Amino acid sequence: MVYDIEIKEAFKSLNSVLRYSWHKRYNEGRRWRRMIGEALLCCGYRVPVEPYEYAHVRITRYSSRLLDYDNLVGGAKTIVDALKCPVVKYGKGEGLKVFNKSGLGFIKDDHPRCVKLEYRQEIRRLPGTRIEIKELERC
């Protein structure tokens with residue numbers, strides 16, 4: 001199945017996100033997870049029961065101007081994190097701890113052995129972000 005989600009907001013560049021406090025960055029991640037979740041519901045999609053073993057994710061940013069490639073990739077990290085699974089690990093002296101609690105669960109991890117990421121950008125008058133997710137077979 002191919003998921004094709006469009007959000008009517010362009011994600012921020014890495015340069016602007018780096019200036020955020022940790023709290024503002026955390027809230028920005030939660031906001032994007034919520035927007036992606038709402039877009040999924042509006043399109044009639046459901047999150048897969050099990051995360052994809054290997055997936056192709058294409059993130060396209062629409063804006064009135066182009067970003068440097070490093071700003072594009074760094075700014076999209078919030079979206080990639082939103083697509084990952086929640087992970088339970090042992091914290092230092094705390095026992096079990098859940099990381100990425102509100103992850104949507106499309107991909108296991110953002111490691112290259114789990115996902116092929118593609119970043120694009122196009123000039124368009126109306127800002128937006130398009131996320132395409134497709135399960136791939138292992139080679």
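A residue is called buried when its relative accessible area is under 20%, exposed when it is over 50%, and partly exposed in between, as judged with a 1.4 Å probe on protein chains only. The structure described here is a predicted model, in which local features need a pLDDT of at least 70 and side-chain atom pairs count only at pLDDT 80 or more, whereas totals for chains, interfaces and linings use all residues. Residues are numbered from 1 along each chain as its sequence is written, and side-chain values use heavy atoms, with hydrogens and water left out.

Helices (H or I, at least four residues) and strands (E, at least two) are taken as DSSP runs and numbered from the N terminus. Four strands form an open sheet in the order β1-β6-β2-β5, and their pairing is mixed; two strands are said to pair if DSSP finds at least two bridges between them. β1 and β5 are the edge strands, each pairing on one side only, and the twist from one strand to the next averages 10 degrees. In general, strands of a sheet pair through backbone hydrogen bonds, in either a parallel or an antiparallel sense. Between β1 and β6 the sense is antiparallel, with six bridges, and V2 has K134 of β6 as its bridge partner. Helix α2 lies across β1 and β6 and runs at about 120 degrees to β1, where axes are lines fitted to C-alpha atoms, for helices over the stretch in contact, and angles between N-to-C directions run from 0 to 180 degrees.

When neighbours within four places in sequence are left aside, I36 is in contact with I5, I7, I79, A82, L83, L104 and I131, contact being defined as heavy atoms within 4.5 Å.

The structure holds 14 salt bridges, each defined by a side-chain nitrogen of Lys or Arg within 4 Å of a carboxyl oxygen of Asp or Glu. In one of them, the side chains of E9 and R31 meet with an N to O distance of 2.7 Å; because E9 lies in the loop between β1 and α1 (14-18) and R31 in helix α2, this pair ties together parts that are 22 residues apart in sequence.

E132 is buried, with a relative accessible area of 15%, while R58 is partly exposed at 22%. These two residues also belong to a network of salt bridges in which D4, R58, E118, R130 and E132 are linked. Within helix α4, D81 forms a salt bridge with K77, the closest N and O atoms lying 2.9 Å apart; the two residues are four apart in that helix and are therefore separated by about one helical turn. K77 is partly exposed, with a relative accessible area of 42%.

Two aromatic pairs are present in the structure. Rings of Phe, Tyr and Trp (its six-membered ring) pair if their centres lie within 6.5 Å, and planes under 30 degrees apart count as stacked, those over 60 as edge-to-face and the rest as tilted. The ring centres of Y3 and Y45 are 5.1 Å apart and their planes lie at 65 degrees, so the pair is edge-to-face; Y3 is in strand β1 and Y45 in the loop between α2 and β2, 42 residues apart. Y3 is buried at 3% relative accessible area, and Y45 counts as buried at 18%. The rings of Y3 and F106, with centres 4.9 Å apart and planes at 80 degrees, are likewise edge-to-face. This pair links strand β1, which holds Y3, to the loop between β4 (95-99) and β5, which holds F106, the two residues being 103 apart. F106 is buried, with a relative accessible area of 0%, and ring pairs link Y3, Y45 and F106 into a cluster.
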